[in-house]
Amino acid sequence: MPYDEQLARRVRPLMALRCGFSEKKMFGGMAYFLEGNLCVGVFRESLVVRVGINAYAAALKEPFVNIFGPVKRPMRGWVMVGPEGLDDMTAIRAWVERGVEFVETLPPKE
């Protein structure tokens, strides 16, 4: 299943004006980076958000949020927000900001 291009078009402007922004297609989806660090992505109909280990458990308790990765080996620190949780730009912006907030704590990658 291809990634949701409409969701990608909604995420892109939220990321594009930030310093060190880049994007590329990865694993059948679209990934958005800041200073070389993967921040958020669009995978199928969902938004993948890098929230970090400290915010991981709390994020998983929110509606329409699931683990990202295989059930037996989830990618801790990453969550997948289902389309039901992305019904308007306010919700999308809030999740993108959470990803940005975490990634801004990381050193730039070369």
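**Figure 1. Pairing of strand 6 with strand 5 and strand 4 in the predicted model.** Strand 5 (residues 65-67) pairs with strand 6 in the antiparallel sense, over 3 bridges. Within the views of strand 6, isoleucine 67 stands opposite valine 79. Strand 4 is also joined to strand 6, by 4 bridges, and these two strands run antiparallel. Here arginine 50 is opposite tryptophan 78 of strand 6.

**Figure 2. The largest nonpolar core.** This core has 26 residues. Val11, Met15, Leu47 and Trp95 have the most contacts inside it. Two or more residues each come from helix 1 (5-16), strand 2 (29-34), strand 3 (37-43), strand 4 (46-50), helix 2 (53-60), strand 6 (78-81) and helix 3 (89-103). In soluble globular proteins, nonpolar side chains tend to be buried together.

**Figure 3. Surroundings of tryptophan 95.** Neighbours within four places in sequence are left aside in this view. Tryptophan 95 is then in contact with Leu47, Val49 and Val51, and also with Ala59, Glu62 and Val65.

**Figure 4. The buried side of helix 1.** The buried residues of helix 1 are Leu7, Ala8, Val11, Leu14 and Met15. They lie on the same side of the helix, because the arc they cover around the axis is only 125°. Their packing partners are strand 1 (21-26), strand 2, strand 3, strand 4 and helix 3.

**Figure 5. Length and start of helix 1.** Helix 1 has 12 residues, which at 1.5 Å a residue should span 16 Å. At the start of the helix, a side-chain oxygen of aspartate 4 comes to within 3.0 Å of the backbone nitrogen of glutamine 6.

**Figure 6. Phenylalanine 27 and arginine 44, two loop residues with positive phi.** Most residues other than glycine have a negative phi. Phenylalanine 27, in the loop between strand 1 and strand 2, has a phi near 50°. Its relative accessible area is 73%, over the 50% cut-off, and therefore phenylalanine 27 is exposed. Arginine 44 lies in the loop between strand 3 and strand 4, and its phi is about 55°. Arginine 44 counts as partly exposed because its relative accessibility is 43%, which falls between the 20% and 50% cut-offs.

Definitions and conventions: Residues are numbered from 1 along each chain as its sequence is written. This is a predicted model: local features need pLDDT of at least 70, side-chain atom pairs count only at pLDDT 80 or more; totals for chains, interfaces and linings use all residues. Side-chain values use heavy atoms; hydrogens and water are left out. A nonpolar core is a set of buried Ala, Val, Leu, Ile, Met, Phe, Trp, Tyr and Cys residues joined through side-chain atoms within 4.5 Å. Buried means under 20% relative accessible area, exposed over 50%, partly exposed in between (1.4 Å probe, protein chains only). Contact means heavy atoms within 4.5 Å. The expected span of a helix is 1.5 Å times one less than its number of residues. The arc is that of the directions from the helix axis to the C-beta atoms. A polar contact is a pair of N or O atoms within 3.5 Å; within protein, one must be able to donate a hydrogen and the other to accept it, and residues adjacent in sequence count only if both atoms are side-chain atoms. Two strands pair if DSSP finds at least two bridges between them.
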